[in-house]
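Subject: Structure for you, with notes

Hello,

Here is the structure I promised. Please open it first, then read the notes below.

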Amino acid sequence: MSDILDSIRKTVVPIHKEGYVFIVIALVATILLGSLWSPLFWIGGILTVWVCYFFRDPPRVTPVRDGLVVSPADGRVSLITTAIPPVELDLPPEPMTRISVFMNVFDCHVNRSPVAGRITQILYTPGLFLNAELDKASDDNERNALVIDTGRVKIGVVQIAGLVARRIVSFVKTGDALTTGERFGLIRFGSRLDIYVPLSTQVLVGLGQTAIAGETVLADLDAKAPGRQFRAG
């Protein structure tokens, strides 16, 4: 019996607490609408299941080694380019490598730190809700920017709201220390993450590749460093 329960626990994906209120709202709406017209109950039930799925927060196994930059988001690598970091990051106005990961409404939206370090800057900027896949979304959309100081370099991470996203949630504050793969926020209902790293960084992913937050290695700050180690969490 204990083996069965253990298998169930490993199969059922945890739901982040930020999703509880939306799940309750969906359930209540399903019951009320279903009492008016039975087909609406089934439609509401499907939407409720989707809300649970959206706010899932599965454990991840993070590769741990100084210099590795892991994906802060589940999604598709939509852009790899050279760009000047946004002014709100307060980084030198010099070109950096920008890796963008686009999250659709079916991806897990819990965001994880790409590196270990201390947060030196957090700045929320109101803006538009353009399609997050557009390049100009980096400048025009609502966003929340973080700078993480690894002790060697400063990395920029920007949460960008998308076409249907209406809320960026941050779990951290300036001065907090993060470990690689640690949860730092989420974006509700479709969005994008931009990661800014030095030009000397070796990019290890390709356009269109599917990334997993806290697991997929996007880049290596020091490609000559020794092999990786892993940590579950």
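Start with helix α2. Its 17 residues should span 24 Å at 1.5 Å a residue, and the end C-alpha atoms lie 25 Å apart, which agrees. The expected span is 1.5 Å times one less than the number of residues. Helices (H or I, at least four residues) and strands (E, at least two) are DSSP runs, numbered from the N terminus.

This is a predicted model: local features need pLDDT of at least 70, side-chain atom pairs count only at pLDDT 80 or more, and totals for chains, interfaces and linings use all residues. Residues are numbered from 1 along each chain as its sequence is written, and side-chain values use heavy atoms, with hydrogens and water left out.

Which residues of α2 are buried? Ile23, Ala26, Thr30 and Gly34. They cover an arc of only 60 degrees around the axis, so they sit on the same side of α2. The arc is taken from the directions from the helix axis to the C-beta atoms. Buried means under 20% relative accessible area, exposed over 50%, partly exposed in between (1.4 Å probe, protein chains only).

The face turned away from that buried side carries exposed Ile25, Ile31, Leu32, Ser35 and Leu36. Leucine 32 is in α2, residues 20-36. Its relative accessibility is 53%, so leucine 32 counts as exposed.

Now arginine 192. It is in strand β12, residues 191-197. Arginine 192 is buried, at 1% relative accessible area.

Best wishes
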